[in-house]
Amino acid sequence: MTLSIRPLTGDGSPPAEGEYAQACEVSGATRWLYLSGQIPVAPDGSLAPDFTGQCEQVWDNLETQLRAAGMTLDNLVKVTTFLSDRQYALENREVRIRRLGGRQTALTVIVTGIFDEAWLVEIEAVAAA
């Protein structure tokens with residue numbers, strides 16, 4: 001069976017403005033990948049000083065883990081983003097929309113304290129193949 005990830009929105013759901021799915025139905029998956037929270041630290045140990053730089057690094061790190069499993073962003077089913085402050089919500093949305101390039105995943109964004117106070121964003125995800 002071929003992998004299918006189908007975005008769903010039930011009747012009576014609040015609008016999602018086309019950038020994410022209220023739900024994702026997966027069929028034909030034979031492998032699941034659960035990605036730990038990806039942090040904004042580069043392979044050389046550096047940390048960008050600004051939110052956009054950190055967010056880009058987190059997405060780079062997430063794609064690195066997907067590639068290690070022979071997957072791409074096309075395999076993402078669920079993304080959970082942790083923001084250190086609500087002020088980063090718009091920048092986060094802009095980076096996410098650009099990096100996903102029209103792909104719709106189930107999505108949760110949580111504003112919370114993050115393990116290292118220097119980290120402004122962390123993203124965990126689930127992928128299927």
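This is a predicted model: local features need pLDDT of at least 70, side-chain atom pairs count only at pLDDT 80 or more; totals for chains, interfaces and linings use all residues.
Let me begin with R99, which at 14% relative accessibility counts as buried, where buried means under 20% relative accessible area, exposed over 50% and partly exposed in between, using a 1.4 Å probe and protein chains only. Salt bridges that share partners join R99 with E56, D60, E63 and R98 into one network.

Residues are numbered from 1 along each chain as its sequence is written, and side-chain values use heavy atoms, with hydrogens and water left out.

A salt bridge here is a side-chain nitrogen of Lys or Arg within 4 Å of a carboxyl oxygen of Asp or Glu, and a search of the whole structure finds six of them.

What does R99 pair with? One partner is E63, with 2.8 Å from N to O; E63 sits in helix α1 and R99 in helix α2, 36 residues apart, and helices (H or I, at least four residues) and strands (E, at least two) are DSSP runs, numbered from the N terminus. E63, at 23% relative accessibility, counts as partly exposed. R99 also meets E56 at 2.5 Å, N to O, and because R99 lies in helix α2 (residues 89-100) and E56 in helix α1 (residues 51-68), this pair ties together parts 43 residues apart in sequence. Both R99 and E56 are buried.

R6 belongs to strand β1 (residues 4-8) and E25 to strand β2 (residues 23-27), so the pair ties together parts that are 19 residues apart in sequence.
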